Amino acid sequence: MKKKLCYLLIIALIFSCIPVISSEAASKKSQVNSAVKGFLNATKKFDANKMNKYVKSWGKCTKPSTYNSTPYMKKYFKWANKKLSYKILSTKASGKTAKVKVRVKYTNSKEFTDTFYGLLVLDLMGRDNPDKLSDKQPLNLFNKYSKIAYFDAIKSKRKYKTETITITLGKYGKNWKIKKMSKKLENIIYANYPYCMDHFWDE
């Protein structure tokens, strides 16, 4: 009888812990999802400081602050990302690591890239010594043609791409952050511009 009572008490103790465990898991998932939403909402505004807050390492990917010296590129990404939308499909968290699957709809920058990079290439090809530009000329040309491409883009019909991506996060102190920026996520936050640049000569 005593053994039976002991077993019943152990079983009752186990079952009493299940709601606590479930509550902790739900809280962890909520914190992870909050970090992903924070990053993507900052991306919608192309807020470089807030975007950086949610990323532990950018690796070899480009930081948003890189475009601070190119005002029309920055304006373009603000315009492009304004229409970014997303849906969290699943969240798995274990210990200090989490994986979040997200479907993202974002602007396709192919026409912008074709205009900007096409004009830049034509300009350089028309010069006798394109490799002997002064220190300021490359940035001036970059700003000149990104301005033209920006105004063309905002007058044109916006086109979209949709991707499903898995984002890996880690817990650092009290905060969840994207462990390392991936090429796929980088391409999304820059509205498909990196991909279009890499494949400009494909056609």
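Me: Which residues does asparagine 33 touch, not counting residues up to four places away in sequence?

Reply: In this predicted model, asparagine 33 touches Ile88, Thr91 and Val100. Asparagine 33 itself lies in helix H1, which covers residues 2-44.

Me: Is asparagine 33 buried or exposed?

Reply: A residue counts as buried when its relative accessible area is under 20%. Asparagine 33 has a value of 18%, so it is buried. In the protein as a whole, buried residues make up 34% of the 203 residues.

Me: How should I read the pairing of strands S1 and S2?

Reply: One looks at the sense of the pairing and at the bridges. Strand S1 (residues 85-94) and strand S2 (residues 97-107) are antiparallel, with nine bridges between them. Serine 85 has lysine 105 of S2 as its bridge partner, and serine 90 stands opposite lysine 101 in S2. The two strands form a hairpin with two residues between them. In that turn, glycine 95 has a positive phi of about 60°.

Me: Which strand pairs with S2 over eleven bridges?

Reply: That strand is S3 (residues 160-172), and its pairing with S2 is antiparallel. Lysine 101 stands opposite threonine 166 in S3.

Me: In what order do the four strands form the sheet?

Reply: The order is S1-S2-S3-S4, in an open sheet with antiparallel pairing. S1 and S4 (175-178) stand at the edges with a single partner strand each, so one side of each has no neighbour in the sheet. Neighbouring strands are turned by 25° against each other on average, direction ignored. As a general idea, side chains in a regular strand alternate between the two faces of the sheet.

Me: How many helices and strands does the protein have?

Reply: There are seven helices and four strands. Along the sequence they follow the pattern α-α-α-β-β-α-α-β-β-α-α. Among contacts between residues at least 6 apart in sequence, 72% join residues at least 24 apart.

Notes:
Residues are numbered from 1 along each chain as its sequence is written. This is a predicted model: local features need pLDDT of at least 70, side-chain atom pairs count only at pLDDT 80 or more; totals for chains, interfaces and linings use all residues. Side-chain values use heavy atoms; hydrogens and water are left out. Buried means under 20% relative accessible area, exposed over 50%, partly exposed in between (1.4 Å probe, protein chains only). Contact means heavy atoms within 4.5 Å. Two strands pair if DSSP finds at least two bridges between them. Axes are lines fitted to C-alpha atoms, for helices over the stretch in contact, and angles run from 0 to 180 degrees between N-to-C directions.
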